[in-house]
Amino acid sequence: MAYRIEFTPRADREFRALEKSTQIRLARRIDALAEDPHPQGIKKLAGAEDLYRLRVGDYRIIYQVQGKRLVVLIVRIGHRADIYRRM
């Protein structure tokens, strides 16, 4: 059962602002979420309902799994130093 990947407008802007090489690296991991939205190494964010964090080097992908709709919604993408500041 494959999930559909969707981006919030903010996450889409954050993704497009990254260097091309970083985009490619992150895109591989995002595409893998379609097959398994709960891979090894993810963590549920404390204090946030249904938000998960995927670590890719120094970058973080914050996403939500909408099981009834079979959607993985990418909420935020950014460097680990400031991804949590503007949540």
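Let's begin with a term: a residue is buried under 20% relative accessible area, exposed over 50%, and partly exposed in between (1.4 Å probe, protein chains only). The model is predicted, so local features need pLDDT of at least 70 and side-chain atom pairs count only at pLDDT 80 or more, while totals for chains, interfaces and linings use all residues. Residues are numbered from 1 along each chain as its sequence is written, and side-chain values use heavy atoms, with hydrogens and water left out.

**Exercise 1. Find the partner of Asp12 in a salt bridge and classify both residues by accessibility.**

Step 1. A salt bridge needs a side-chain nitrogen of Lys or Arg within 4 Å of a carboxyl oxygen of Asp or Glu. For Asp12 the partner is Arg16, with the closest N and O atoms 3.1 Å apart.

Step 2. Both residues sit in helix 1 (residues 9-16), four residues apart, about one turn of the helix. Helices (H or I, at least four residues) and strands (E, at least two) are DSSP runs, numbered from the N terminus.

Step 3. Asp12 has a relative accessible area of 26%, so Asp12 is partly exposed. Arg16 reaches 60%, and therefore counts as exposed.

**Exercise 2. Work out which parts of the chain the salt bridge between Arg80 and Asp58 ties together.**

Step 1. Check the distance: the closest N and O atoms of Arg80 and Asp58 are 3.4 Å apart.

**Exercise 3. How many salt bridges does the structure hold, and where do the partners Glu6 and Arg69 lie?**

Step 1. The count is six.

Step 2. In one of the salt bridges, the side chains of Glu6 and Arg69 meet at 3.6 Å, N to O. This pair links distant parts of the chain, 63 residues apart: Glu6 is in strand 1 (residues 4-7), and Arg69 is in the loop between strand 4 (59-66) and strand 5 (71-79).

Step 3. Glu6 is partly exposed at 24%, and Arg69 is partly exposed at 48%.

**Exercise 4. Describe the geometry of the aromatic pair of Phe7 and Phe15.**

Step 1. Rings of Phe, Tyr and Trp (its six-membered ring) pair if their centres lie within 6.5 Å; planes under 30 degrees apart are stacked, over 60 edge-to-face, and the rest tilted. This rule gives two aromatic pairs.

Step 2. For Phe7 and Phe15 the centres are 5.9 Å apart and the planes make 45°, so the pair is tilted.

Step 3. Phe7 is partly exposed, at 31%, whereas Phe15 is buried, at 14%.

**Exercise 5. Which side chain of opposite charge is nearest to Arg53, and which residues does Arg53 touch?**

Step 1. Lys and Arg count as positive and Asp and Glu as negative; His and the chain ends are not counted. Arg53, in strand 3, is buried yet has no salt bridge, and the nearest opposite charge is Asp58, 11 Å away.

Step 2. With contact meaning heavy atoms within 4.5 Å, and leaving out residues up to four places away in sequence, Arg53 touches several residues, including Lys43, Arg60 and Tyr84.
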